[in-house]
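Have the structure open while you read.

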Amino acid sequence: MIDPATGMKPGERYQVENLERVHQFPGFFLDGKYYLGPELLTALGWLEGQRFIYDALDATGEPVFPGRAAGDIKDLTLILVDGTRLQLSRIDAEAAASTADADRAAQPAGRHKRPNRPGVLSVAAMLLLGGCAFALLRRARR
């Protein structure tokens, strides 16, 4: 449930209008969550009432915002913890769909995104090494 005071409506996407020299927010809000990409796999932020929790880390591994609280959203305005005000704008469904299509078109022909998993040969090598280590340990105990 989205807090009505945020000005956001369920099922609609909103982007942060970054015109100032502040942290960039390249993603979008949808149903109380903040996503970086159109595939909606992982939310990098979320709303707790009007509070925007942004779970991004800086280069040193520390949260970008203290306590991960970036600020509050009221009437489609993100008020950062330092007082900076950034407007949110609604992204229409056609623009969101064309962005997703453009991302898919940018993929090399015949190639699809897939999770980074070890191949069959890698798994076989790991099992073989584990078996050898087990055999050596058993032999050493005798």
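1. Start with the aromatics. Phe 25, Phe 29, Tyr 34, Phe 52, Tyr 54 and Phe 65 come together as one aromatic cluster. Keep in mind that this is a predicted model. Searching the whole structure turns up eleven aromatic pairs.

2. Next, the nonpolar core. The largest one has 19 residues, and Phe 25, Phe 29, Phe 52 and Leu 78 have the most contacts inside it. Strand 1 (13-16), strand 5 (51-54), strand 6 (69-74), strand 7 (77-80) and strand 8 (85-91) are the elements that each give two or more residues to this core.

3. Setting aside neighbours within four places in sequence, its contacts include Met 8, Tyr 14, Val 16, Leu 47, Ile 73 and Leu 88. Tyr 34 and Phe 52 are also in contact with Phe 29, and both belong to the aromatic cluster. Among the other contacts of Phe 29 are Glu 12 and Arg 13.

4. Now the strand pairing. Strand 3 (residues 33-35) runs antiparallel to strand 4 (residues 43-48), with three bridges, and strand 4 pairs with strand 5, also antiparallel, over four bridges.

5. Is Thr 84 buried or exposed? Thr 84 sits in the loop between strand 7 and strand 8, yet Thr 84 counts as buried because its relative accessible area is 14%, under the 20% cut-off. Its side chain makes a polar contact with the side chain of Asp 82 at 2.8 Å.

Terms used. Residues are numbered from 1 along each chain as its sequence is written. This is a predicted model: local features need pLDDT of at least 70, side-chain atom pairs count only at pLDDT 80 or more; totals for chains, interfaces and linings use all residues. Side-chain values use heavy atoms; hydrogens and water are left out. Rings of Phe, Tyr and Trp (its six-membered ring) pair if their centres lie within 6.5 Å; planes under 30 degrees apart count as stacked, over 60 as edge-to-face and the rest as tilted. A nonpolar core is a set of buried Ala, Val, Leu, Ile, Met, Phe, Trp, Tyr and Cys residues joined through side-chain atoms within 4.5 Å. Buried means under 20% relative accessible area, exposed over 50%, partly exposed in between (1.4 Å probe, protein chains only). Contact means heavy atoms within 4.5 Å. A polar contact is a pair of N or O atoms within 3.5 Å; within protein, one must be able to donate a hydrogen and the other to accept it, and residues adjacent in sequence count only if both atoms are side-chain atoms. Two strands pair if DSSP finds at least two bridges between them.
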